[in-house]
Amino acid sequence: MGGAALLQSATLLCFSFFGSVLFLHGQQPGSPPSETATVEAPAQGASPTWDTQKQARFWVFNIPAPRGQICDRNGEPLALQRMGYNLALQFPRPFKFTEVEVNAFVAGEAQKLGELLGRPVTTQPGAALKHYRNRPLLPYILLQNLNAKEQTKIKEAQNANWEVLPFYARHYPQGTLAGHALGYVGRTGKFQDSPVENNESLWPDLEGRAGLEQTFDQLLRGESGQLNVTYNGAGKKASEQVSITPIAGKHVITTLDLSLQRSCEAALAAGTKRGAMVVMDPQNGDILAMASWPPINPNQFVPFISDADYAALTKDKNEPLFPRYSMASYPPGSTFKCFVGLAGLASGKISPTEEYECAPGFQVGDRIFHNWKKTNTGNLNFAEALEQSCNTWFYQAGLKIGANVITDYANSVGFGEKTGIPIPDESPGLIPTDEYMRQKHSVRMVGGQLAMLAIGQGSTEITPLQMAQGMAVLGNGGVLYQSRLVQQIQDITGEVVNAYNVRIKRRIEIPPETQLALRQGMLQVVAGSRGTAHQAKVDKVNVAGKTGTAQWHNNQTVAWFAGFAPAEGPRVAFAVVYEGDPHRNDVHGGSHAAPMVGKVLREYFKNPANIKPVPFKDENGNDIEPAIIQITPRKTDSVPTDSSDQEGVPQEPTPTTPKQTPTPFWKRIFG
């Protein structure tokens with residue numbers, strides 16, 4: 001329903017509400033007071049307080065405004081307002097019920113309703129009696145949020161004591177899609193049961209409790225209207241008027257692409273029990289898809305979620321309420337090698353042709369730091385080392401580059417700080433500097449600590465959102481855009497009242513030869529003979545990416561795949577995380593994370609318009625034709641090609657010499 005239609009229905013709704021409920025039974029809105037409609041004094045024991053409020057001849061009621069919509073970048077609705085319906089009881093006139101009769105009446109009607117609908121209808125003890133004492137003219141809500149079949153059955157039953165009352169309810173037409181990003185709403189209060197007071201709301205309003213619903217709550221809510229009702233000295237309605245028309249809430253237009261979001265969630269559903277995926281436009285920082293698995297369905301919170309259902313969500317070991325894309329920070333594993341390469345190559349500490357031996361182990365101090373392969377694959381340059389994800393190569397490179405250079409470049413692409421998208425909760429992650437390690441762990445970021453940093457292990461933590469953002473920087477040539485989840489705010493006429501423009505946070509100087517080396521290495525990860533992400537290949541498109549497999553808490557393995565495509569001039573940057581079960585040793589970035597991205601990219605690049613690389617710009621803003629990236633054939637050596645290579649979790653460093661068993665003291669003395 002559009003904003004204008006909702007605004008119109010707001011006025012109709014309040015008239016309907018008061019016409020069928022607030023006014024005396026049988027009296028219609030706008031009609032003169034009925035001479036025969038009288039309020040008789042109730043019997044002793046359940047005496048309503050109406051008789052004591054005859055002086056309250058002018059009542060003001062608030063009319064909640066229709067809540068604004070949340071849409072994807074193409075205007076597809078993700079959250080909107082719908083009409084909901086509650087069933088309420090009208091107490092028979094005159095009001096002479098005793099306490100026992102009130103309870104019996106409500107219990108009898110609840111039983112009839114339950115038999116009709118085929119489900120139990122329960123009431124809160126004492127609630128009906130309190131309502132009858134304080135506000136007998138107003139409806140008593142017995143059952144909330146009727147579905148269409150229930151409405152039909154109730155209408156056909158023609159029970160004079162039942163009233164079906166409309167209200168505004170939130171609706172999420174796409175179900176679980178983007179559920180974490182959207183968030184959900186809750187009621188601002190309960191239905192009133194105390195004596196009627198001025199400025200009461202006709203029904204409880206909604207407030208955002210998570211995600212975009214919470215961040216933009218005040219804009220989405222709109223402005224309440226006002227209904228004035230006048231009563232004469234006998235307590236009869238004399239007039240009523242909508243003095244202030246409610247103003248519908250603003251619409252939030254996101255950067256999300258519904259089709260791409262659907263592809264990401266389908267890939268996660270088929271590929272993992274727990275994980276997250278983010279897809280961004282590297283040319284402007286727009287978030288095109290942002291998914292966490294398992295998902296939530298915001299409709300489950302409409303009009304409210306039961307205690308049992310909420311407890312089930314909170315106790316679920318897979319933590320469906322947890323938005324992993326922004327709140328879960330993981331060790332990046334070998335995906336971090338791309339940024340170690342950026343630091344070393346862009347700073348001039350290493351060169352693209354510089355070679356180190358990819359041995360099974362490398363000694364740092366008194367310990368041996370291991371490669372994930374057991375064989376020596378010879379001397380490799382940067383692109384070859386990235387393709388094979390050679391740990392021992394990066395141990396050596398990291399020691400030469402130095403911790404400060406690595407952490408500086410990591411921070412420059414946005415790691416270690418929140419992206420700043422408009423959601424309530426986001427983790428900053430962690431890039432452990434030398435100062436941090438000295439203060440937190442009383443060690444220096446040198447030697448073994450630096451070696452672990454160079455392969456994305458140790459204390460380093462990055463969120464999937466940050467990783468996609470970092471890959472966007474590599475893909476676009478060094479521009480860190482402000483990540484953008486919301487494009488603009490519109491009023492009900494479609495007029496833009498606030499725009500969140502594309503904004504550059506910083507630029508990173510990346511020399512052309514560094515860009516080429518990074519793209520070539522990341523392309524070979526997917527398409528090279530020794531690459532670890534063959535399952536992310538896409539026909540006619542060069543995919544640049546990097547796998548990662550890291551040890552996480554609770555003996556869990558985290559599998560990553562992150563990158564951008566097309567490699568020559570990317571239209572999308574991406575990151576996906578797969579959370580393995582505890583104590584599983586068969587989880588790898590290439591076998592578990594890369595296939596999920598492959599499914600999404602193959603669907604995305606079915607559109608021929610997406611295949612063509614985005615041209616870079618020179619200093620004058622002119623297009624630069626993307627450079628053609630060639631797969632570099634592996635240098636001939638004795639190591640055979642193996643397309644099934646899967647990078648594993650790095651082995652713990654071991655002492656350089658076996659531990660010696662101390663000689664017993666008696667043997668030292670007596671021989």
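**Reading a predicted model: disulfide, sheet and aromatic pairs**

Q: How many disulfides does the structure hold?

A: The structure, which is a predicted model, holds one disulfide.

Q: Where in the chain do Cys-358 and Cys-390 lie?

A: The pair links distant parts of the chain, 32 residues apart. Cys-358 belongs to the loop between β14 (356-357) and β15 (361-364), while Cys-390 belongs to the loop between α12 (382-388) and α13 (391-401).

Q: Why is the disulfide of Cys-358 and Cys-390 called right-handed?

A: The description rests on the torsion about the S-S bond, which is about 115 degrees for Cys-358 and Cys-390, so this disulfide is right-handed.

Q: Is Cys-358 buried or exposed?

A: A residue counts as buried when its relative accessible area is under 20%. Cys-358 has a relative accessibility of 1% and is therefore buried.

Q: What is the strand order of the open sheet of five strands?

A: Strands of a sheet pair through backbone hydrogen bonds, in either a parallel or an antiparallel manner. In this open sheet the order is β13-β12-β24-β23-β22, and the pairing is antiparallel. The edges are formed by β13 (287-293) and β22 (544-551), each of which pairs on one side only. On average, neighbouring strands of the sheet are turned by 5 degrees against each other, with direction ignored.

Q: How many bridges join strand β12 to strand β24?

A: Six bridges join β12 (residues 275-280) to β24 (residues 572-579), and the two strands run antiparallel. As one example, Gly-275 has Tyr-578 in β24 as its bridge partner.

Q: Which strands does helix α8 touch?

A: Helix α8 (residues 258-271) packs on the sheet and touches β12, β13 and β24. The direction of α8 makes about 25 degrees with that of β13. Helix α18 (residues 512-527) also packs on the sheet, where it touches β22 and β23 (557-565). The direction of α18 makes about 70 degrees with that of β22.

Q: How many aromatic pairs does the structure hold?

A: A pair of aromatic rings is described by the distance of the centres and the angle of the planes. The structure holds 19 aromatic pairs. One of them, formed by Phe-336 and Phe-415, is tilted, with 6.4 Å from centre to centre and 35 degrees between the planes. Phe-336 lies in the loop between α10 (324-327) and α11 (337-347), and Phe-415 in the loop between α14 (403-412) and α15 (434-441), so the pair ties together parts that are 79 residues apart in sequence. Phe-336 is buried at 0% relative accessibility, and Phe-415 is buried at 1%.

Q: What are the distance and the angle between Phe-369 and Tyr-395?

A: The rings of Phe-369 and Tyr-395 are 5.6 Å apart from centre to centre, with 70 degrees between the planes, and the pair is edge-to-face. Phe-369 in strand β16 (residues 367-370) and Tyr-395 in helix α13 are 26 residues apart, and the pair links distant parts of the chain. Both Phe-369 and Tyr-395 are buried.

Q: Which residues form one aromatic cluster?

A: One aromatic cluster is formed by Phe-91, Phe-97, Phe-105 and Tyr-132.

Methods
Residues are numbered from 1 along each chain as its sequence is written. This is a predicted model: local features need pLDDT of at least 70, side-chain atom pairs count only at pLDDT 80 or more; totals for chains, interfaces and linings use all residues. Side-chain values use heavy atoms; hydrogens and water are left out. A disulfide is a pair of cysteine sulfur atoms within 2.5 Å. Helices (H or I, at least four residues) and strands (E, at least two) are DSSP runs, numbered from the N terminus. Buried means under 20% relative accessible area, exposed over 50%, partly exposed in between (1.4 Å probe, protein chains only). Two strands pair if DSSP finds at least two bridges between them. Axes are lines fitted to C-alpha atoms, for helices over the stretch in contact, and angles run from 0 to 180 degrees between N-to-C directions. Contact means heavy atoms within 4.5 Å. Rings of Phe, Tyr and Trp (its six-membered ring) pair if their centres lie within 6.5 Å; planes under 30 degrees apart count as stacked, over 60 as edge-to-face and the rest as tilted.
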